[in-house]
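Biologist: Hi! Could you bring up the model so we can go through its pockets and domain contacts together?

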Amino acid sequence: MLPSRRFLPSISLLAAFEAVARTGSVTAAARELDLTQSAVSRQIKALEVQLGAELFLRERQTVRLTLAGDSYAREIREALRRISSASLNLRANPHGGTLNLAILPTFGTRWLAPRLGRFLDQNPGVTINLVTRLSSFDFRLDSIDAAIHFGHPHRPGAELTFLMSEKTVAACSPAFLRQHGITKAEDLLDIPLLHLTTRPDAWERWFADNGVAFQNVHGMLFDQFATAAQAAITGLGVALLPTFLIQDELKRGDLVAAIGREVESSESYYLACPPERADYGPLSAFRGWITAEAKAG
């Protein structure tokens, strides 16, 4: 249910406020909006009257946000961005059928993107918009219909559909393997290890799974698998990488397994969506397609 209309300022008032807040100048905002300075000033004043709060401090020829105005500007800017995004999506696909999907960067580029053409061929009325997410998504705040989630099978506020499990391998370049003479898991304690910031305890779990006692595990940090894989290729160390994401590098011989044993991750990949969007047509079609693709391997 929408709040009372008296608390819903018009888009023109909000656009004027956002422009002045962002530029710090009535003159610059007026130029951007193709209005006169007096017109922008009147809109700001009308908004303050409607809200019953002062949004700017006027100091001679300058304006400065009040504390309340600064907080309001942050929320209004995001609201206007979402309205603009929704309008752009509708214009791109006026007959509906848009799916906004948050993806994990390397999963999206290495696994999903090469297959996505098949889904679009099978569902010509659907438009998919992809946005990468390294941080955790929040369906209450993000304007997305679904997300690729790596983790455990329970997540508050989300309905999860299992896609696939994951096996990781300790991978490095062939030259690095020869240089350090790696033959057993214990040998990795004394060489550079490459870590992923989103999986800070991955190496600790790997050593534990291989029965290796350790004190502390140090090394370089990376925020994406792709950059960690490239660092391993160039000989910077050994990285724990999902085997299904580095198939090409393994086939070419750019990467090799430092220790042959693969370790199955305790977490898996899921398609997550808010429960109220579970029956949305484009999402239902995508769910059926991606689960079949994941099962096919």
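Pockets and domain contacts

Modeller: Let me start with the second largest pocket: its lining has nine nonpolar, four polar and six charged residues. Here Ala, Val, Leu, Ile, Met, Phe, Trp, Tyr, Cys and Pro count as nonpolar, Asp, Glu, Lys and Arg as charged, and the others, Gly among them, as polar. Bear in mind that this is a predicted model, where local features need pLDDT of at least 70 and side-chain atom pairs count only at pLDDT 80 or more, while totals for chains, interfaces and linings use all residues. Residues are numbered from 1 along each chain as its sequence is written, and side-chain values use heavy atoms, with hydrogens and water left out.

Biologist: Good to know. Which residues lie nearest the centre of that second largest pocket?

Modeller: Thr168, Ala202, Arg205, Leu240 and Ser265, out of 19 lining residues. Strand 8 (193-196), helix 7 (202-209) and strand 12 (263-264) are the elements giving two or more residues to this lining, and helix 7 has the largest share with five residues. Helices (H or I, at least four residues) and strands (E, at least two) are DSSP runs numbered from the N terminus.

Biologist: What volume does the second largest pocket have?

Modeller: About 260 Å³. A pocket is an open set of points on a 1 Å grid over the protein atoms alone, with protein on both sides within 12 Å along at least five of seven lines, and lining residues have an atom within 4 Å of a point; in a cavity, a 1.4 Å probe fits but cannot get out. Points are joined across faces, edges and corners, and a volume is the space filled by probe spheres set on them.

Biologist: And the largest pocket, how many residues line it?

Modeller: The largest pocket has 23 lining residues, with Leu104, Arg133, Leu134, Phe150 and Thr198 nearest its centre. Its space comes to about 420 Å³. By class, the lining is made of 11 nonpolar, seven polar and five charged residues.

Biologist: Which element gives the largest share of the lining there?

Modeller: Strand 5, with four residues. Helix 5 (105-122) and strand 5 (146-151) each supply at least two. At least three lining residues come from each of domain 2 (98-164 + 269-296) and domain 3 (166-264).

Biologist: Let's switch to domains, then. How is the protein chain divided?

Modeller: Into domain 1 (5-92), domain 2 and domain 3, with bounds from an automatic or database domain assignment. The centres of domain 2 and domain 3, taken over C-alpha atoms, are 28 Å apart. Nine residues of domain 2 are in contact (heavy atoms within 4.5 Å) with 12 residues of domain 3.

Biologist: What area is buried between domain 2 and domain 3?

Modeller: About 920 Å², with carbon and sulfur atoms giving 60%. On the domain 2 side, Thr106, Arg110 and Leu134 lose the most area to domain 3, together 54% of what that side buries. Buried area is the accessible area (1.4 Å probe) that two parts lose on being put together, summed over both.

Biologist: How many salt bridges are counted between domain 2 and domain 3?

Modeller: One, where a salt bridge is a side-chain nitrogen of Lys or Arg within 4 Å of a carboxyl oxygen of Asp or Glu. Arginine 110 also pairs this way with glutamate 249, the closest N and O atoms being 3.0 Å apart. The structure holds 17 salt bridges.

Biologist: Which residue does arginine 115 meet in a salt bridge?

Modeller: Glutamate 293, at 3.6 Å from N to O. That pair links distant parts of the chain, 178 residues apart, with arginine 115 in helix 5 and glutamate 293 in helix 10 (residues 281-296).

Biologist: Last topic: which residues line the largest cavity?

Modeller: Thr106, Arg110, Phe225, Ala226, Ala229, Leu241, Pro242, Leu245 and Ile246. Helix 5, helix 8 (225-233) and strand 10 (238-242) each give two or more residues, and helix 8 has the largest share, three. The volume of this cavity is about 40 Å³.
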